[in-house]
Amino acid sequence: MDNPTGIQQTQEICENKRAIIDQIIAENQNRPGAMMVVLNETQGKIGYISPAMQKYIAKKLRVPVGAVHGVVTFYSFFTTEPRGKHTMKFCMGTACYVGGIPQLMEKAKQITGTEIGKTTADGNLTMEICRCVGACSQAPVVTVDDEVIGHIKPNKFPALIKKLLES
Amino acid sequence: MAFYRSHVLVSVDPECLAKGAHEVIDALNDELIAQGLLDEVQVLETSRIGDPYRLGPDMLVYPEKEHYANLSADDIPYLVEEHFLKGRVVEKFRAQEKAVSDEELGAPKPKEVRIVLRNCGKIDPHNIEDYIAEDGYQSLAKVISSMTPEQVIAEVSKSGLRGRGGAGFPAARKWQLCRQVPDNPKYLTCNADEGDPGAFMNRRVLESDPHSVVEGMIIAAYAIGASRGYIYCRAEYPIAVQNLKIAIAQAHEFGFLGDDIFGTGFSFDLEVRMGAGAFVCGEETALIASIEGKRGEPRPRPPFPAVKGVWGKPTNNNNVETYAVVPQIILKGAEWYASMGTEKSKGTKTFAIAGDVINTGLIEVPFGITLREVIFDVGGGIKDGKQFKAIQTGGPMGGCLTAEQLDLPLDYEALTAAGSMMGSGGLIIMDHETCMVDMARFFMEFTQDESCGKCTPCRVGTRRILEILEKICAGEGQPGDLETLEDLCYEVTRNSLCGLGQGAPNPVISMLKHFRAEYEAHIYEKKCPARVCKALIRYEIQAAACTGCTVCARNCPVEAINGERRQAHIIDVDKCIRCGICAQVCNFNAIQVLS
Ligand SMILES: Cc1cc2nc3c(=O)[nH]c(=O)nc-3n(C[C@H](O)[C@H](O)[C@H](O)COP(=O)(O)O)c2cc1C
Ligand code: SF4
Ligand code: SF4
Ligand code: SF4
Ligand code: FES
């Protein structure tokens, strides 16, 4: 079979992930424009959409794998690899940029020894940047697993990260 | 037994411990020893004092009963010096009373008029009856029982309501266009993609008063003849999505949505669709593609969505705020609404004020108010007694305005004429410590990253503009760069397919126009006058002000600061990466930035 997207041919998806995807598809497949909804739900419930999952979703929705891959790569919320146990996102919106997020990112890199965009070696923490989360009056803002934490002071910040690394 | 003049109780409940209460106690003991106060101040451990989640680690100081909160070990030298040595209360560490007011919005500030935001923070967004008690769904009843679709459009037209998503196209005209297209079914979309960084007006309405948007959409659907609507909400707003879903379900229960609404034969249903982190999906044709489940790439217009929108059918797209004011216009009348504002910009507009102003947050003001009033009356003026430098309106595709333009009225045409734009309502206020080259670079980084790459002028042009700006910030700017920038900006503006590319050069163009000298200083003198661009600045500790508290040295990410405890510290300029942390954490203001 040809493989136009260059996606690695699948390793299997584990049983319970497949069950989750099956359910998402059953609930949404009759909706017009189902693909975005299915991908959003999959990302939300499983945390990533691996090439194998993309292939599986394509088959179930009866669309080419390339179409699914095209959508997954277009939107920054979709990730193809698992994230760490926790995800910390640094807001790079204007208010936070002016309010000191770049300094906090330096600090985070120093404490974790990990680049922004990567996961710590122990798999506990993924650090990413994100767009304005709409809490600008609390700048600088980070989100930890969807919880918005604002008014971060540089000398209080290490405690926050260490807590995540240890939990 | 020693006689202590002070007792310090430090909370060691589990949450405070997790947040470093022991380090605070160790630091406290160290510092008391160093200052020779160990015989005067006794440190004790205690269980919780205040809410440990909000305030910990915290401490209570007797006999004054001063409650200091959110402490870290780094705060201790300053605290000991001020409180125990000099006997002064340290305001900045005092526990704050639980924020009673809502810091985003709060009570109306001077000159505010709240129409869109009127219910925010006052009603329970999860309870439709709260909304109904504030005259909610009355307009819908009025429209359906006593007005024809044409009358609704005429009323909205008379109110002068213009689209709040940026371009300011008259709402009624758009509705009329869509209504006239002889094709069915028709769709509505609500643009809740609010991607402009620093703007969160729509989020607040969606989270706190979702029914106003739902009601506005039902009225618009009735006027246009649409049978289905989509609210496209960005993924960064999970609470908004949730509250909208609840509101839609409740509106169904009450018979405001669904088949045969109020037994009139009019049917309309609504659905929330989530974005997935692509700014360009705020552009209406991209938004439509995304709702259809595709890559959110814009396409050329015409055909406009009014003719060919979702699933190729006539579609009316408006911003959250545009829909949210419609029920108020119907309820209180077009004349009432049109009595506010300027000749061509009627009513009120919400803005999110961010940056170096005292009252950041959301405001709603009548059009026609001046920028000066917004910044100094509503916004309370510039923070920390600094000087106003510029205001960015219209977000990353908008422009900046300067002190000379502060008396401009907020009005769509006036801002456009001044080289900026209204945009969706993000206002970024910048003080004189903001570098205009760095800001232009920041906005360009955003638009370049968000360019969908479909058309070459935008994809390649934004990258080239960004590269030149980065070079200038890095102190590697060359003669001729500014002219190249101007040419590139012109090309990208003229040749890009959608509003993102067409607007991306705006910040650069306007900042270059108003602050050319600052750009030239970077290029020819290798100086950053605002002392921001890392390559052109250095940090220095003023020995006279430095107490040797070691806080900076412990916070420096690259260990560039040396010095003995209680001796003036020194920064190793070769190691320093100019991150600025030391200047932020130094409680004694001993660290200066030089260019
Ligand atoms: C790149 C780009 C992003 C946009 N983002 C938004 C947005 O977040 N919200 C919005 O309402 N309009 C946005 N717009 C404008 C929309 O294309 C459209 O004009 C608007 O939703 C129309 O609604 P209105 O008539 O009520 O203003 C954006 C336009 C562009 C080019
Ligand atoms: S102008 Fe930019 S964002 Fe718009 S279609 Fe072209 S490449 Fe995409
Ligand atoms: S410069 Fe460093 S050592 Fe000196 S007072 Fe400031 S933080 Fe303390
Ligand atoms: S600016 Fe940053 S790197 Fe330089 S001395 Fe200060 S803390 Fe260290
Ligand atoms: S800029 Fe960070 S929350 Fe808006």
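## A bridge between two strands

V10(B) has M59(B), in β3(B), as its bridge partner. The model is predicted. Strands of a sheet pair through backbone hydrogen bonds, either parallel or antiparallel. Here, β1 (residues 6–11) and β3 (residues 59–62) of chain B pair in the antiparallel sense. Four bridges join these strands.

## The sheet

The open sheet in chain B has four strands. Their order is β2-β1-β3-β4, and the pairing is mixed. β2 (41–46) and β4 (66–68) of chain B stand at the edges. Each has a single partner strand, so one side of each is left without a neighbour in the sheet. From one strand to the next, the twist averages 20°.

## Helices across the sheet

Helix α2 (residues 21–34) of chain B lies across β1, β2 and β3 of chain B. This helix runs at about 170° to β2(B).

Helix α4 (residues 76–85) of chain B lies across β1, β2, β3 and β4 of chain B. Helix α4 runs at about 20° to β3(B).

## Helix α19

Does the length of α19 (residues 481–495) of chain B agree or disagree with 1.5 Å a residue? Its 15 residues should span 21 Å, and its end C-alpha atoms are 21 Å apart, which agrees.

The buried residues of α19(B) are D481(B), L482(B), L485(B), L488(B), C489(B) and V492(B). They cover an arc of only 120° around the axis, which puts them on the same side of α19(B). These buried residues pack against α18 (456–473), α20 (499–503), α21 (506–514) and α22 (516–525) of chain B. The face turned away from the buried side of α19(B) carries exposed D487(B) and R494(B).

Terms used: Residues are numbered from 1 along each chain as its sequence is written. Chains are lettered from A and ligands numbered from 1 in the order in which they are written. This is a predicted model: local features need pLDDT of at least 70, side-chain atom pairs count only at pLDDT 80 or more; totals for chains, interfaces and linings use all residues. Side-chain values use heavy atoms; hydrogens and water are left out. Two strands pair if DSSP finds at least two bridges between them. Axes are lines fitted to C-alpha atoms, for helices over the stretch in contact, and angles run from 0 to 180 degrees between N-to-C directions. Contact means heavy atoms within 4.5 Å. The expected span of a helix is 1.5 Å times one less than its number of residues. Buried means under 20% relative accessible area, exposed over 50%, partly exposed in between (1.4 Å probe, protein chains only). The arc is that of the directions from the helix axis to the C-beta atoms.
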